[in-house]
Amino acid sequence: MNKNNYAILMAGGVGSRFWPVSTQEFPKQFHDMLGTGETLIQKTFNRLAKIIPQENIFILTNERYNDLVLQQLPQVTSRQLVLEPAMRNTAPCILYASLKIQKENKDAVMIVAPSDHWIEDENAFIENVHQAFEFCAENDALMTLGIQPTFPNTGFGYIEFDKDASVAVKEVNQFREKPDYNTAKEFIARGNFLWNAGIFMWSAESVVKAFKNKQPELYDLFAQGFSVYNSELEEDFILENYPEAENISVDYAIMEKSENVFVLPATFDWNDLGTWGSLYDKLPKDENQNAVVNARTITEDASGNMIRTNKDKIVVVDGIQDYIIVDKDEVLLIFPKTKEQDIKKVLQEVKDNFGENYG
């Protein structure tokens, strides 16, 4: 394996649309959402370890999840943990991790990979990452892996690339915000739009330079700590300075402002596992199109449901179609799949009425 290959595994999110399984204390990346025997973070780490030396995979997460990461990834050392003392979106934490990696290895190239993606063809993923690493090692480039859209999804941003480009790695014309349904249909019909999956690749030198040029205040905030990164003094510096960082995504901070942005259309199947509905899509179904995780079920006149409980719980469902049915400790959620985007709102109501312990 190439010792210059690194990864930033993004594992700091809460995943509130997977409530009640995913909570602030124990978010979705630390759960076996698909019933495979591996949690999402374990599955992502093992996938990355097929192309990147294990010791070069850095876990970027909130400081409150330090112990959870070490429990689930015992092969990881504290050197590999990049802990956020405050929630500040993706740009500050990626810049911080990139500076740490650059100080360790000035020739590093890296992938930024969310911990909650489902990728079926891992060999195709590895092939795409190899290709992107080679491009980033030879060019001053900010890259993303774009996903071939399979339907007019209004929940993702889109990447418009140069339609005339005959090479595999294509120049990005622009990033487009989450569209309405008709606009999404138009994007797909035009043939040069990809879903933005939030998988980024670049050299340490290129990404740090991009922040320096496009986000000078953010860059200055973190660059002043360069001398203490990867030392015992790093933690004190970050505790004092990290909360001062602007709350901004890496897309807004550098990707949409830079001229050297490229995309490689991915050749692997992908799902972002952001909602119960997206999980339902990836799971095997029974003869009535019910997707079941952990439960033992008896169903009558019940179809299209997403059912998840603790191991071996018996669930009897009669006369319910297209519902999310999730049982977790003191909480039972029975909710229409068509309204799954409202689960975050419901979670807030539960917290307001019953206390923060339930979220």
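**Cavity, pocket and helices**

Author: The largest cavity has a volume of about 40 Å³. A cavity is a set of points on a 1 Å grid over the protein atoms alone where a 1.4 Å probe fits but cannot get out; the volume is the space filled by probe spheres set on the points, which are joined across faces, edges and corners. This is a predicted model, in which local features need pLDDT of at least 70 and side-chain atom pairs count only at pLDDT 80 or more, while totals for chains, interfaces and linings use all residues. Residues are numbered from 1 along each chain as its sequence is written, and side-chain values use heavy atoms, with hydrogens and water left out.

Reader: How many cavities of 30 Å³ or more does the structure hold?

Author: It holds one.

Reader: Which residues line the largest cavity?

Author: The lining, meaning residues with an atom within 4 Å of a point, consists of Thr44, Arg47, Ala113, Pro114, His117, Ile119, Phe125 and Ile199. Five are nonpolar, two polar and one charged; Ala, Val, Leu, Ile, Met, Phe, Trp, Tyr, Cys and Pro count as nonpolar, Asp, Glu, Lys and Arg as charged, and the others, Gly among them, as polar. At least two lining residues come from each of α1 (40-48) and β4 (109-114), where helices (H or I, at least four residues) and strands (E, at least two) are DSSP runs numbered from the N terminus.

Reader: And the second largest pocket: what is its volume?

Author: About 380 Å³. A pocket is an open set with protein on both sides within 12 Å along at least five of seven lines. Of its 15 lining residues, Leu81, Leu83, Tyr96, Glu234 and Glu235 lie nearest the centre. The largest share of that lining, four residues, is supplied by α8.

Reader: Turning to α11, which of its residues are buried?

Author: Ile343, Leu347, Val350 and Lys351 are buried, that is, under 20% relative accessible area with a 1.4 Å probe and protein chains only.

Reader: What do they pack against?

Author: They pack against α10 (276-282), β16 (323-328) and β17 (331-336), with contact meaning heavy atoms within 4.5 Å. On the other side of α11, Lys345, Asp352 and Asn353 are exposed, meaning over 50%.

Reader: What follows α11?

Author: Gly355 does, with a positive phi near 110°.
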